[in-house]
Amino acid sequence: PISQQQMMIKIFLLLQAIANGLEHSSSIKWLQIGRRIGGAALAALQIASNNPVLRQDVAWSYSAQEEKEKARESVYEVWDLLNKYYYDTSALRNENFQESRTKYGQGAFNEPEAAGQARAQVVKSLKADKYTRLIDAAQYEAISKYDILGIGLILQPGDDGICRITSPPLPGSSAAKAGLSVDDTIISIDGVDVKGLSSFDYLDIVSKVGGNSINLKLGSGRELTLARKLDAVADPVPTVKISQDGTGYLRLTEFNTRTDRRLGTILSDLIDDKKAKAIVIDLRGNGGGAFQSAIDAASYFLPTGTPVVDIVEQEKDPGSPLRSTFRAKDKQPPNHKIYNFPLELWIDRGSASSSEVFAGALRDNCAAVVAGKQTSFGKGLIQAVLGLIQAEGGLIVTVAQYYTPANKPVQGIGISPDIPLPTTSFFAPISLPESTKVQADFAALSQSCSSPFPMSRTTK
C-alpha cells in the first residue's frame, strides 16, 4: 500500500492537471475555478511534506504562481471581451489580434509586473477605432453617471440568448450591495422575460417602467428589488429662459440618467405654464453621453413608434450584421408629448454622439430645424463600458454603428445644419431669435421636409 505522503502527491498531480486544463477556458468563472483547484493542488503537496522548510517554499511558490496566472488571465479577459463585443469583425480576424491572446498572455505570465502593458498591446493589436481603449479605476467610476439602469450593472446576452452580468457591479451600487457577481444570469427585468433580447432592449424595458427601483429575477430563482441611484448625477440642463415674445431656450449639456425627467419637466414649464410659442434646444458643446437617454429625449417630440435611430452590431453570421431600429416611446402625463411644435436645435462642431442621435432623429422626421455654422462632430459609433475582473479599471469597446432614420451614416460625416445660427459664438451672450422667426423656419421645414415616416407629421 502507498503511504499518505505518496497519496497526497498523486492528488497534487491530478488536481494540477485539471487546473492547467481549465486555465484555457473562455469562461471567467471556469478560470476562477481552475485557480482554486490549483490552490488545492499545492495544499495537497504541502500536506504531503513533513518538512517545515518545504512547506514554506510551497506557500511562497503558490503565491508567486497565483500572481503569474492572474496577470495572464487579465490579458485573456481583455482579448475575450474585444473578441465578443467589438463591432468590426474584419478587425477581429486580423492575424496580429488573433495571435495577441497567447503572445501577450504568456508575456504577462513571465513578467506579471508588465501585465498592464500586455493588456494595452492586445488592444493595440486590434487596430480598433480611437474610442476602444482601456481606462483606469478612477475613469471607470466617473463613467458611472451614464449608468442608465441606475443599479450599477452591465448586462449583455450570451450566445444562448440568456441575459448575464458581464462586469463587476460598480462600487457602492445597489447591485454590489446585493452581492451580485459576474456570470449571474437574469431571467426577467421588471416582470419582462429577457431571454433572446439585446442589451439595448434591457434599457428599453427599464426606461418604459421608470421609477426609483428595478425588480430582477435571477436564474438561481432569487428575486431582488434594487434601488436606482440617479439624482447624484449633474444637472444636464443648467440654463433655461424665455424671451419676452415667447421663445423658450434650454441648454442641454449632456445626455445622462437625469436628462429624460429633467427635459420633461422643463418642457412642461415652458409650454404649459409660460406659454412659449417656440423652443430652442442648444446642443453646442454637447459631446453626447448615454445612447438610451437620447432616444428618451427624442421621444418627447415624436409620435410613439416613430423610428429614432438604427444600430448595426457585430455580425453573428458572416455577411449578416445585426440591425435594430429604436423607436419613440410613449410619454405619460405630466411629461406629455409636444410634437409638431416649432422647435430649433443649435449645433456646432462640439455636438457629438448622442447629440447627433437626437438631432438626426428630429431632423429626419421633420420635427425640428437644425441651426449652426458648421456640421456636427460626426461620431456615429456606440460604446459599451465593461468592468474588468482580473485587473482594476475597465474597457471601453465600440459595439455598434448607428444611422439616422433616413438611413444616413453619421460617422465621419456629422449632421449638417438647415439654416445658419443666429448667435455667432458659443461664448457670446445668447441672443434668442424671435418666436415668429422660429415658427416661420419650422413652417418652411414642414413644407419642404420629406419624411419617410408619414406618422411623424401627426398633431396632438
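Which residue lies over the face of tyrosine 403? In this predicted model, arginine 323 takes that position, at 4.9 Å from the ring centre. The charged end of arginine 101 sits over the ring of tyrosine 76. The distance to the centre of that ring is 4.0 Å.

Rings also meet rings. Six aromatic pairs were found in a search of the whole structure. Tryptophan 79 and phenylalanine 97 make up a stacked pair. Their ring centres are 5.0 Å apart. The pair counts as stacked because the planes stand at 10°, and the cut-off for stacking is under 30 degrees. Tryptophan 79 belongs to helix 3, which covers residues 52–85. Phenylalanine 97 belongs to helix 5, which covers residues 95–110.

A tilted pair is formed by tyrosine 249 and tryptophan 346. Here the centres are 5.9 Å apart, with 55° between the planes. This pair joins two strands. Tyrosine 249 lies in strand 9 (residues 247–251). Tryptophan 346 lies in strand 13 (residues 343–346). Tyrosine 249 and tryptophan 346 are both buried.

Phenylalanine rings also group together. Phe255, Phe301 and Phe358 are linked by ring pairs into a cluster.

Conventions. Residues are numbered from 1 along each chain as its sequence is written. This is a predicted model: local features need pLDDT of at least 70, side-chain atom pairs count only at pLDDT 80 or more; totals for chains, interfaces and linings use all residues. Side-chain values use heavy atoms; hydrogens and water are left out. Rings of Phe, Tyr and Trp (its six-membered ring) pair if their centres lie within 6.5 Å; planes under 30 degrees apart count as stacked, over 60 as edge-to-face and the rest as tilted. Helices (H or I, at least four residues) and strands (E, at least two) are DSSP runs, numbered from the N terminus. Buried means under 20% relative accessible area, exposed over 50%, partly exposed in between (1.4 Å probe, protein chains only). A charge sits over a ring if NZ of Lys or CZ of Arg is within 6 Å of the ring centre and within 35 degrees of the ring normal.
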